[in-house]
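Take a look at it before reading on.

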Amino acid sequence: MASPIWTGIVSFGLVSLPVALYTATDSHTIRFHQLQRGTADRIRNRRVNERTGDEVELDEIVKGYDTGGEYVIVEPEELDDIAPGRSRALEVSEFVDLDTVDPVFFDKTYYLGPRGGQYGKVYALLQRALEESNKAGIATFVMRGREYLVALKAEDGLLTLHTLHWADEIRDPHQEVPDLPDKTEPTPAEVKMAHQLIDTLTADWDPEDFHDTFQEKVEALIEAKAAGEAVEKAEPAAQPTGSVDLMEALRTSVERARSPKDTREKAGTSDETGRGKKPAAKKHTKASDIGSLQSLTKAELYEKATKAGVKGRSSMTHDQLAGALAKGT
């Protein structure tokens, strides 16, 4: 069982709920150590006094604000003294419709649980009320010496806490992003074809369909180098689509995206509702099938996977595409 990273009181109106905050996500990034080239010697980061060169223990470090040549020193306990109780209070100041909170404001997600079984009824009441109203409680609280703006939401039978960016942290895209289209307008035919492409590629959202393919490639790179094997290079990146061939690119994309559906309909595998029937049992995968597929480029495999309706093909590696196609033969 995970340990809470923060405990405190959620209050809305005159109702108070003792809660504990838990991390909701994990990072599966592969961690590398820093080594000196040509050796197995680790390179480590240390806290060093830049004047003496001596390493400094963590409990000897204080915060200092540069006022222009001089530092104002602030001790950790002084930060707590200026806002007593703030580090243990999460007071909901208002409730807002979830749809009105722009996604750009959302930062990180945490799970929020009751701090004790005796508070289960208050917890369940707030969770159900938020879920049925589709609203979020907006609040601020202090954790680890920093104040956070948060949205309290109900999701899948529990309360979640989402840290939000402050308004002055959101950059103006018109000042940050060059070459945004101004008076450039696509033709009605291009817009219509783009809608067709979007409709053809529309699917129900399932996060399990996606995985970190770059991490898998890094793992494969490490395994290959450890075994002294050659590393397969990826396919080159797609070339930019220019204005001249935009319509042709859209049309071809629609045709390729539609081909699996057309193939099923021609084979008579759709039921009266238009949904595909349960596919027949897959044939046994032969080594010769995999071998012939492995000789194809990733682009050729992807085209075959599109026609075969392989699910999740857009995030597959060369070998995964070959394997998925072989299983379907």
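Q: How many helices and strands does the secondary structure of the protein chain come to?
A: The model is a predicted one. Helices and strands are taken as DSSP runs. The protein chain comes to nine helices and nine strands.

Q: What percentage of the residues of the protein chain count as buried?
A: The cut-off for buried is under 20% relative accessible area. The protein chain has 329 residues. Of these, the share that counts as buried is 20%.

Q: What share of the contacts with a separation of 6 or more is between residues 24 or more positions apart?
A: A contact here means heavy atoms within 4.5 Å. Among contacts in the protein chain with a separation of 6 or more, residues 24 or more positions apart account for 59%.

Q: How many residues apart are aspartate 97 and lysine 135, which meet in a salt bridge?
A: The N to O distance of this salt bridge is 2.5 Å. Aspartate 97 sits in strand E5 (residues 89-97), and lysine 135 in strand E7 (residues 135-143). The pair links distant parts of the chain, with its residues 38 apart.

Q: Is lysine 153 buried or exposed?
A: Lysine 153 meets glutamate 155 in a salt bridge, 3.4 Å from N to O. Glutamate 155 is partly exposed at 27% relative accessibility. Lysine 153 has a relative accessible area of 15%. The cut-off is under 20%, so lysine 153 is buried.

Q: Why does arginine 171 count as exposed?
A: Arginine 171 pairs with glutamate 176 in a salt bridge of 3.5 Å, N to O. Glutamate 176 is partly exposed, with a relative accessible area of 42%. Exposed means over 50%. Arginine 171 counts as exposed because its relative accessible area is 63%.

Q: Which residues form a negative surface patch?
A: Asp and Glu count as negative. The negative surface patch is formed by Glu75, Glu77, Glu78 and Asp81.

Conventions: Residues are numbered from 1 along each chain as its sequence is written. This is a predicted model: local features need pLDDT of at least 70, side-chain atom pairs count only at pLDDT 80 or more; totals for chains, interfaces and linings use all residues. Side-chain values use heavy atoms; hydrogens and water are left out. Patches are made of residues with over 30% relative accessible area and no salt bridge: like charges are joined within 9 Å, nonpolar side chains (Val, Leu, Ile, Met, Phe, Trp, Tyr) within 5 Å. Accessible areas come from the Shrake-Rupley method with a 1.4 Å probe; for residues, only the protein chains shown count as cover. A salt bridge is a side-chain nitrogen of Lys or Arg within 4 Å of a carboxyl oxygen of Asp or Glu. The place of a charge is taken as NZ of Lys, CZ of Arg, CG of Asp or CD of Glu. Helices (H or I, at least four residues) and strands (E, at least two) are DSSP runs, numbered from the N terminus. Buried means under 20% relative accessible area, exposed over 50%, partly exposed in between (1.4 Å probe, protein chains only).
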